[in-house]
Amino acid sequence: MKDMPDAAAVMPPEPRGYHGVNWAGLRTLYLREIRRFWKVGMQTLAAPVVTALLYMMVFVVAAQGARAPVHGVEFATFVAPGLIMMQILNNAFANASSSLLQAKMNGLTGDFLTPPLTPLEHVAGFALGAATRGIVVGAVTWLAVLPFADLPVTHLWAILYFGVGASLILGLLGVMAGLWSEKFDHMSAVTNFIIMPMTFLSGTFYLVERLPEPFRSASHYNPFFYLIDGFRYGFIGHAEGSLIAGVGMTAGLVIAFSCICLWMFETGYKLKT
């Protein structure tokens, strides 16, 4: 009778061990998110640009000559940074939220839960993918509005800091919304009742200081106000609110939202239950 095989010989191979960051897995998840929106470029890149140009037509071209300069610059120059930031915010949020919600609804969460990725790597992959889409759409929108508005770069650091910060904040918020939502109605509620009102009530098309009370004071508690105001400062060199408060708030929200997303992945919130 043949000898029985050694028990160790028939044991399945041990999973590959990763010491530190799983850079290969993180890069793969990040590229997955990039390719996901790049494959439907007409929807994810071209459509936001067309929307921004329509806003420029309505608020600038149609009212040409009827709008007085704002802070010493033409009204088109004042509005354009707000439109660019609006596209950054909306698209960063949409990328992460739709990716996670579609994976949950289609039963594909195992695609990113099965690989040896830590919760921190999950958060980084989804957030950076969303931020990339927001920045790319913002850059394309910037080029698209140049024929309608002169956009001098006054403070490059502010443009980069608030542009990247805003894309990360909304990308992380999109991760939270995607994990929380169970159907597209939930996602639409977040977009229509939170993201859109906060965007339009943050001084995108007007000076907040011209609002009557209590709306003027309330606007200074809107995080989107500081993101748009700081981003616009990078172009026109004038800010309505406190730049120090805007810089601190941006960094604080990135850290706070990162911690919340990390907790959600660590506990498997609505992913493993």
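This is a predicted model: local features need pLDDT of at least 70, side-chain atom pairs count only at pLDDT 80 or more; totals for chains, interfaces and linings use all residues.
Residues are numbered from 1 along each chain as its sequence is written, and side-chain values use heavy atoms, without hydrogens and water. Local features need pLDDT of at least 70 and side-chain atom pairs pLDDT 80 or more, while totals for chains, interfaces and linings use all residues.

Biologist: How is α5 oriented to α10: parallel, antiparallel, perpendicular or oblique?

Modeller: Helix α5 (residues 119-145) and helix α10 (residues 243-267) pack with axes 8 Å apart, at an angle of about 125°. Angles under 35 degrees count as roughly parallel, over 145 as roughly antiparallel, 65 to 115 as roughly perpendicular and the rest as oblique. The angle therefore makes α5 to α10 oblique.

Biologist: Which residues of α10 make the contact with α5?

Modeller: Contact means heavy atoms within 4.5 Å. From α5 come Pro 119, Leu 120, His 122, Val 123 and Phe 126. By class, the contact has 7 nonpolar, 1 polar and 1 charged residues (Ala, Val, Leu, Ile, Met, Phe, Trp, Tyr, Cys and Pro count as nonpolar, Asp, Glu, Lys and Arg as charged, and the others, Gly among them, as polar). The α10 side is Cys 261, Leu 262, Phe 265 and Glu 266.

Biologist: Which element gives the most to the lining of the largest pocket?

Modeller: The lining has 16 residues, with Gln 43, Thr 44, Asn 91, Ala 94 and Arg 133 nearest the pocket's centre. They divide into 5 nonpolar, 9 polar and 2 charged. Elements giving two or more residues are α1 (23-38), α2 (41-61) and α3 (75-105). The most, 7 residues, comes from α3.

Definitions and conventions:
Axes are lines fitted to C-alpha atoms, for helices over the stretch in contact, and angles run from 0 to 180 degrees between N-to-C directions. Helices (H or I, at least four residues) and strands (E, at least two) are DSSP runs, numbered from the N terminus. On a 1 Å grid over the protein atoms alone, a cavity is a set of points where a 1.4 Å probe fits but cannot get out, and a pocket is an open set with protein on both sides within 12 Å along at least five of seven lines; lining residues have an atom within 4 Å of a point.
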